[in-house]
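Dear colleague,

Please find the structure below for your records.

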Amino acid sequence: MEMFQVVVDNGLVEITIENPSGYLTVIKYYKGLDNVLETSNANYNKGYWDIVWDDEAYDKLVTTEFKVITQTDDLVELSFTKKWEFKTDQQSNKTLPLNIDKRFIVRRGVPGLYMYGIFERQVDFPDANMYQARIAFKLNEQKFRFMAISDTRQRTMPRFDDRNDTHSQVLAFKEAVVLSNPSEPEFKGQVDDKYQYSLENKDNKLHGWISDEDAVGFWVITPSNEFRTGGPHKQDLTSHVGPIALSMFASTHYTGPEIDTIYKKGEAWKKVYGPVFVYLNSASAGADARKTLWDDAKRQLNEEIESWPYNFTQSEDFPHAEQRGEVSGQLLVRDPFVNKELMQAQSAYVGLAAPGIAGSWQTEGKGYQFWTQTDNTGRFTIKNVRPGQYNFYGWVQGFIGTYKSDLTVTIQPGNKTDLGTLTYDPPRNGPTLWEIGIPDRTAAEFFIPDPYPALTNPLYIKEDKFRQYGIWDRYSDIYPQSDLVFTVGVSNYSQHWFYAHVPRKVGNHTYRPTTWQIKFNLENVNVTGNYTLQVALAAASYAELEVRFNDPNAVKPFFTTTRIGFDNAVARHGIHGVYRLFSISVPGNKFRQGDNTIFLTQTRCQEPFQAVMYDYLRLEGPTV
């Protein structure tokens, strides 16, 4: 320990942290690299926490005090803290009103570093909007060029300087560039955008970089999502050009400001983000080194998951296994129009989150969430739940809507709670007359066009084409004059239903509203009964959807969503954002025997990304 730095060495890695700021400055890996972090960067720009708050202010959570929490032959845990002070910090108005405790753990025989943060707002702290929290690692660019975020999403990446204005051209937004003059010709004409490498929380467990020269891997391992916001399907950043590796805890990505990130005076709050594990590994040089490193990182991930919750952390704010509870039960589905018998909710997502309304977990940004999937009989066990009060939520593949139990689930240390058999009644008012899509909360089953040849990312030529830049503009190529028409019983939604309902590009950066048609035939019409149009949206961004029946020129639509959504899923290459369901009751006299048409108009058109993505549409007849 020196005056301005703290060094921890276990013989496999040597960790250096600036004192008292808490900046991570050196990660030395004895099997290959003196520092995996970018040595040319300043200390504050190597390995650091940051939170983005009011008016896009970046606070890198500089700390003022250092303390050794534990120092034994098996483990060292360090704490870097800062208390927010009214007299100094409030007057400057430049420091986030937050008490900070950044923790670092190095264990004997473990080639890596555990990190977690304990953040607290006291009841009298002033208002703050904290809408992004993360740890960032800026790696050695000369070494780490190969990025891996899943079994199929792996590639050599361009250099950071390839994104500057002498080597690239900015596209419709600053994050997306086309590499016009890259340092290496293989990247010429490719698009680079960090959002092309996003993952859902449930999948965002392992990502990182490989130094081919040294056959060394750097991996960010997240064994639990309990501290992340927005539930299992919220998407967020992973690794991207830099080389940069991120551990994302909270953000407004793919939700927009609908997620709750505003902290009010009078509201006390404390939360533990992490721990996450930075893992380093090595392999013998050769053609199989990348696969060896990736497979070993996956093995290590499984070990970390099996060890969760960790029993070696020293903060009382991170409860160990014996201090947590467990919830189990079975979820069934009742939809007599599908099956007269109760159905088992197979592979449903079920979880515990802060009390709220059905689906509120999508926009819950302050508490903890605990999710799992049911088995083939609808049974589930949610383990290692922190003590507290929760609601039980879920959604079932193949059924619309969101389940919420009427029960308030109270978790106490060591308790096992059996919720018994729960029954979900998905929204349904009558028999299905026709349907478009699959109720799975994404638009993945719909038509996704090929990208423009001059605007491609080679990683997504065959799979995940929705991650390609510019495919939203292909709508205007396919439908240059008139809009999409889908004929029930003739059209195929995988070929004839565009993945996003976007405006039409008409030139000179101008766009026009678009109106899609659904044509269908009714042999009989119950003019005194009520029909129901179920419209499930997978995403919406600054959009408005108007619905008309058989009269496209009606001045007033029969139904409008009004302006909805901020998730920006189209621009950020997502195939879904925040899920919404609209159950539209339609009197029978709006239909006629024979041919009918429903007109769906997306009215907002100031920019190309004002759009909705459909998950599923269904017309239900009156109940007989």
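**Backbone and cavities**

Tyr-254 counts as buried, at 2% relative accessibility (buried means under 20% relative accessible area, with a 1.4 Å probe and protein chains only). Its phi is near 65°, a positive value in a residue other than glycine. The model is predicted: local features need pLDDT of at least 70, side-chain atom pairs count only at pLDDT 80 or more, and totals for chains, interfaces and linings use all residues. Residues are numbered from 1 along each chain as its sequence is written, and side-chain values use heavy atoms, without hydrogens and water.

Arg-441 also has a positive phi, near 70°, and is buried at 8% relative accessibility.

Cis peptide bonds join Gly-242 to Pro-243, with omega about 0°, and Trp-308 to Pro-309, with omega about -5°.

The structure holds three cavities of 30 Å³ or more. A cavity is a set of points, on a 1 Å grid over the protein atoms alone, where a 1.4 Å probe fits but cannot get out; lining residues have an atom within 4 Å of a point. Grid points are joined across faces, edges and corners, and a volume is the space filled by probe spheres set on the points. The largest cavity contains about 60 Å³ of space. Its lining includes Ile-51, Phe-119, Gln-132 and Trp-269.

Yours sincerely

Conventions
On a 1 Å grid over the protein atoms alone, a cavity is a set of points where a 1.4 Å probe fits but cannot get out, and a pocket is an open set with protein on both sides within 12 Å along at least five of seven lines; lining residues have an atom within 4 Å of a point. Buried means under 20% relative accessible area, exposed over 50%, partly exposed in between (1.4 Å probe, protein chains only).
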